[in-house]
Amino acid sequence: MPRIARTGNEAMAEAMRQINPHVVAAYPITPATEIVMIFAGFVANGVVDTQFVAVESEHSAMSACVGAAAAGCRVMTGTSSQGLQLMSEILPIASALALPIVLCEVNRALSGPINIHCDHSDTMAVRDFGWIQIFAENAQEAYDSVLQAVVIAENMQVRLPAMVTTDGFIISHCMERVEALEDAEVKKYVGEFKAVNSVLDVGKPLTMGCLDLQDYYFEHKMPIVESMKKAKDVILEVGLDFGKQFGREYGLVENYKMDDAEIAMVAMGSTCGTARVVVDELRGKGVKAGLLKVRAFRPFPAEEIKQSLSKLKSVAIMDRSDMFKNQGGQVFTEIRSAMYGGANSPILTNYIYGLGGREISLDDIRKIFAEQKKNAESGEVSQLIQHFGVRI
Amino acid sequence: MEKIVEIRWHGRGGQGAKTAALLFADCAMSLGKYIQAFPEYGPERMGAPVQAFDRLSDHPITLHCGITNPQIVLVLDPTLMATVDVTQGLPADGSLIVNTSKSPQEIRKELGLKNAKIYTVDASAISKDKIGRDIPNTPMLGALVKVSGLLDYDQMIKDTEVKLEKKFAHKPEIVKGNIEAIKTAYDKVKGEK
């Protein structure tokens, strides 16, 4: 296997080159620009067979993706922040039409104020559109997850669009060691694209995207519900199989030193890597600390999280986005809901952090773990929800 | 290498601080290290102060926070020292490598620095002589390899040559000039002893 030094963006573009999709329609936006810029270079140099559709906006990019996917093509794109928001109108159409489009998303704060750095508010804003969402921790996972996303999305039990995200600049622009697969391995791994219900199949004429009122709209939303349920098993199967084939196993969540843990942090994306260092430090001092990494946010792995957390004493749930509802962030809200009704629930506290790229340091994470230790010892919550690292 | 070694590059937009950080990390990876290289993103203007960073280790690097206490700091443009605190976070046993015609003692006096090791090399003069232009980033790589002892010198030269040959396939004189610049800086960088 080739060992390469790649940024998160380069790793995603490399995965796209090896997947060699039929169509890519994209519009550039910081910090995701490089993904499609590098890929456009592959197209221009004849390295891939892809039809690249240069569009005038992300709304058009996703519209072209939907059109191409409906025509029976394997389709990919990439975007970030405002770009993802401009796609919003079309994103739920992609899932409703069961189009397995794969989107490389780079997490970036939403305007305003305008900001180009990382938080999860853009991806969170489209969490309820029937798209699978996978948060990658580093460039390696971004590369591996883009390959897996194609297989997951195109699985006949699933047939949903999927987005794989990296943290803007922190991962998208950080060069790391990536173990890549050979082109032939990727070709075999993702396999031939199977077109289902192509609108261009004249032998089997059909209409897509027609008006659907009180009589059938509800029924036609149910396949998304069913597919999302099945997507959980498929993500697990695909992650296990990837591990068997290539040595790197993935799941819906990752339990890091959680077996006998008493306190833990729950996080997504690049922060998990930093938290691992603190967990190791604490373990060295005899503190039973752990990390629960949430990799798939959609479908939401409620049972897996419940299983991981139910024996703990105190848990810090990290949200790199606020919902502005005075009840904490998205991850916190969903985990609290998942834990409800269980026999044992640990103390759950929410840390909304890192908005607009605000640094989260080792010391920050040490401080958060220290608060968990205090909560666990006293049995009391010092502060349920806090905006961590903001100047007051 | 017991732990992670962290490096900070100071330069001006267009001087190649980011390129140097990436080149060094890429080379370190080829020589078996785990690496990270990333620039500090802010206003990207020609001539504005910029920073870039490296992390090197023999073991996988998982942390993704910023670098605040680098063991090694490189300064591509000595005029930066008048406005930017290039020694910020530098530990007492850290190393500062400056592109200047001055001696390490003179730099120590200018900065009023009580500890840390200071090294100087006239990377700009070497660059003008060997490459024909003032692009001090590649000679500074030579100085970094010498001072840090992190990479095997011969392997580093060989690997960089291969990488530059790929990048400048039609301009062999650029490859030769850069390699000579790295070698010269490796030989000429001087400490205080």
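Trainee: What makes strand 9 of chain A and strand 11 of chain A a pair?

Mentor: Strand 9 and strand 11 of chain A are joined by 4 bridges in the antiparallel sense, and two strands are said to pair if DSSP finds at least two bridges between them, so the 4 bridges meet that condition. The strands themselves are DSSP runs of E with at least two residues, while helices are runs of H or I with at least four, both numbered from the N terminus. One point of this pairing is A:Glu254, which stands opposite A:Lys293 in strand 11 of chain A.

This is a predicted model, in which local features need pLDDT of at least 70 and side-chain atom pairs count only at pLDDT 80 or more, whereas totals for chains, interfaces and linings use all residues. Residues are numbered from 1 along each chain as its sequence is written, chains are lettered from A and ligands numbered from 1 in the order in which they are written, and side-chain values use heavy atoms, with hydrogens and water left out.

Trainee: What makes strand 9 and strand 15 of chain A edge strands?

Mentor: The open sheet has 6 strands in the order 9-11-10-13-14-15 (chain A), with mixed pairing. Strand 9 (253-256) and strand 15 (385-388) each have a single partner strand, so one side of each is left without a neighbour in the sheet. The twist averages 20 degrees from one strand to the next, where axes are lines fitted to C-alpha atoms (for helices over the stretch in contact) and angles run from 0 to 180 degrees between N-to-C directions.

Trainee: Which strands does helix 10 of chain A lie across?

Mentor: Helix 10 (residues 271-284) lies across strand 9, strand 10, strand 11 (289-294) and strand 14 (347-353) of chain A, running at about 165 degrees to strand 11 of chain A; a contact here means heavy atoms within 4.5 Å.

Trainee: How do you know whether the size of chain A fits a compact globule?

Mentor: The radius of gyration is taken over C-alpha atoms, and the globule rule is 2.2 Å times the number of residues to the power 0.38. With 392 residues, a compact globule would have a radius near 21 Å, and chain A has 21 Å, which agrees. Of these 392 residues, 56% count as buried, and the C-alpha trace spans about 70 × 55 × 45 Å along its principal axes. Residues 24 or more positions apart account for 79% of the contacts in chain A with a separation of 6 or more.

Trainee: What does the globule rule say about chain B?

Mentor: Chain B has 6 helices and 6 strands. Its radius of gyration is 16 Å, close to the 16 Å that the rule gives for 193 residues, so chain B is as compact as a globular protein of that length. Buried residues make up 52% of the 193 residues in chain B.

Trainee: How do you know what helix 1 of chain B should span?

Mentor: The expected span of a helix is 1.5 Å times one less than its number of residues. For the 14 residues of helix 1 (residues 17-30) of chain B that gives 20 Å, and the end C-alpha atoms are 20 Å apart, which agrees. The buried residues of this helix include B:Leu23, B:Phe24 and B:Met29, and just after helix 1 of chain B, B:Gly32 takes a positive phi of about 100 degrees.

Notes. Buried means under 20% relative accessible area, exposed over 50%, partly exposed in between (1.4 Å probe, protein chains only).
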